Amino acid sequence: MARRFLYTILMYLLGMGLANSQKSLIDSIRHELRIAPNDTIRLLRYMDLVRTYAEVNPDTSYFYGEKALNISRYLGLRIDEGHAMAEMGYALLNAGNYPRSLQTFIASLAIAEEKSSEQKVLKGEYKTLDEFYDRQEDPHMQRIELIARIRQYMGILYLNAGNFQKSLDNYNVSRDLAEETGNKYLQSIIYSTIGRVYLSLKMPDSAMAAEQHAYDIGVEIGLKKYMGSILLNLARIHAFQGNDSLAQVYFRKARQKSAEQSYFRGVVSSSLFIADYFKRMGNADSSLYYIESALDVARGLNSPDLLLRGYTALADHYKLNRNSDSAVRYQSMIIQINDSLFNSKQAQQFQNIDFDEAQRKQQIETAKASYKEKIRRNLLLAGLGVFLLLAIILWRNSLQRKKANRLLSQQN
């Protein structure tokens, strides 16, 4: 009991340090925002706040995303407009609003796919917190990086919505584009999330290959924030393969690395997996401890999907330990979150948006094919016209030659 109390105190102090570190970073960004000399610097600082709050407070992230969006539109920076919308879509994803998230990603992708968006970009030594986006790249590569990032976000969205094939399709496009740009940070996070899809598809060998590649790239470039996420995915694969002892090593490493980088979603997920291990080992007290510690962080994040996982684990714990009152209480919380997170109405909205977008793409492809067919037909007709014209010219020349020959014969 004393050991658990001491550990709780240590974790509390660690948590306070992380909170203070996060607050210090946010205060620093806000100070720079207040003294910003122009709209360009304000745009960059707003985007820093968007990224800082992205996985901590999605509502606040979305709020600053709108401010960044307005400035980027005012400055005519289309690529930055696409970036702001992509981050707003990510905030909506983390808040559990999948239909609006998909709509926002589609809108941002439409901007990113406009070649004309390369005409005016911020290029040069601009310091930001977004390590996945290199402003020193030429305008074309900046646009390609944006498309890769949006596709990666869409991969996460479709994975969360349970559409593994569409998730993998988006990740594959994202991976190819990231490799085209040479952006190692993007490659690392994309391979990491591809590994999650392969695991969901019960393809552990492919998952391990992708995740190991993500880890190797991460070590090479000194990836910090999401290294805990990569370790977590490696742990999941080992657990799936039945390597419980090795999985636990990785889960603990993931939890520690996520805590060091203030990646609290990683802390919650790692804690819940450790709790599940102790449940399977028959250690109910340790399992309950890690569930409750995960829920403490999840409540602070106010993240519906993490709360759902935490309450589900807690309800299962009380069912196993024959505490029906507590099990029923948490089961009702699960029902409430399910209703708000991704209910049948939202699922239908999501499918409708997805279907409409597929239809729109099909119409575009049909229009392109029709246009190509029209061009081909016009070229064919033009070719026939030229051939006919040449035939007429040759025929007239032949007639004139015969006429000249007759005149020459008469003269002779």
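Okay, let's start at E137, which sits in the loop between α5, residues 98-112, and α6, residues 139-160. Keep in mind that we're looking at a predicted model here.

So, is E137 buried or exposed? It's buried, and yet E137 has no salt bridge. Which side chain of opposite charge is nearest? That's K123, and it is 7.7 Å away. For a salt bridge, the side-chain nitrogen of a Lys or Arg would have to be within 4 Å of a carboxyl oxygen.

And what does E137 touch, if we leave aside its neighbours within four places in sequence? It's in contact with K123, Q142, E145 and T181. So K123 turns up again: E137 is in contact with K123, but there's no salt bridge for E137.

Now let's hop over to R401. You'll find R401 in helix α16, which covers residues 344-411. Why do we call R401 exposed? Because its relative accessibility is 52%, and exposed means over 50%.

Okay, zooming out to the whole protein. How many helices and strands are there? We've got 16 helices and 0 strands. Out of 412 residues, 45% are buried. The protein exposes about 21,700 Å², and carbon and sulfur atoms supply 55% of that.

Last one, about contacts. Take the contacts between residues at least 6 apart in sequence: 61% of them join residues at least 24 apart.

That's my tour, thanks!

Conventions. Residues are numbered from 1 along each chain as its sequence is written. This is a predicted model: local features need pLDDT of at least 70, side-chain atom pairs count only at pLDDT 80 or more; totals for chains, interfaces and linings use all residues. Side-chain values use heavy atoms; hydrogens and water are left out. Helices (H or I, at least four residues) and strands (E, at least two) are DSSP runs, numbered from the N terminus. Buried means under 20% relative accessible area, exposed over 50%, partly exposed in between (1.4 Å probe, protein chains only). Contact means heavy atoms within 4.5 Å. Accessible areas come from the Shrake-Rupley method with a 1.4 Å probe; for residues, only the protein chains shown count as cover. Lys and Arg count as positive and Asp and Glu as negative; His and the chain ends are not counted.
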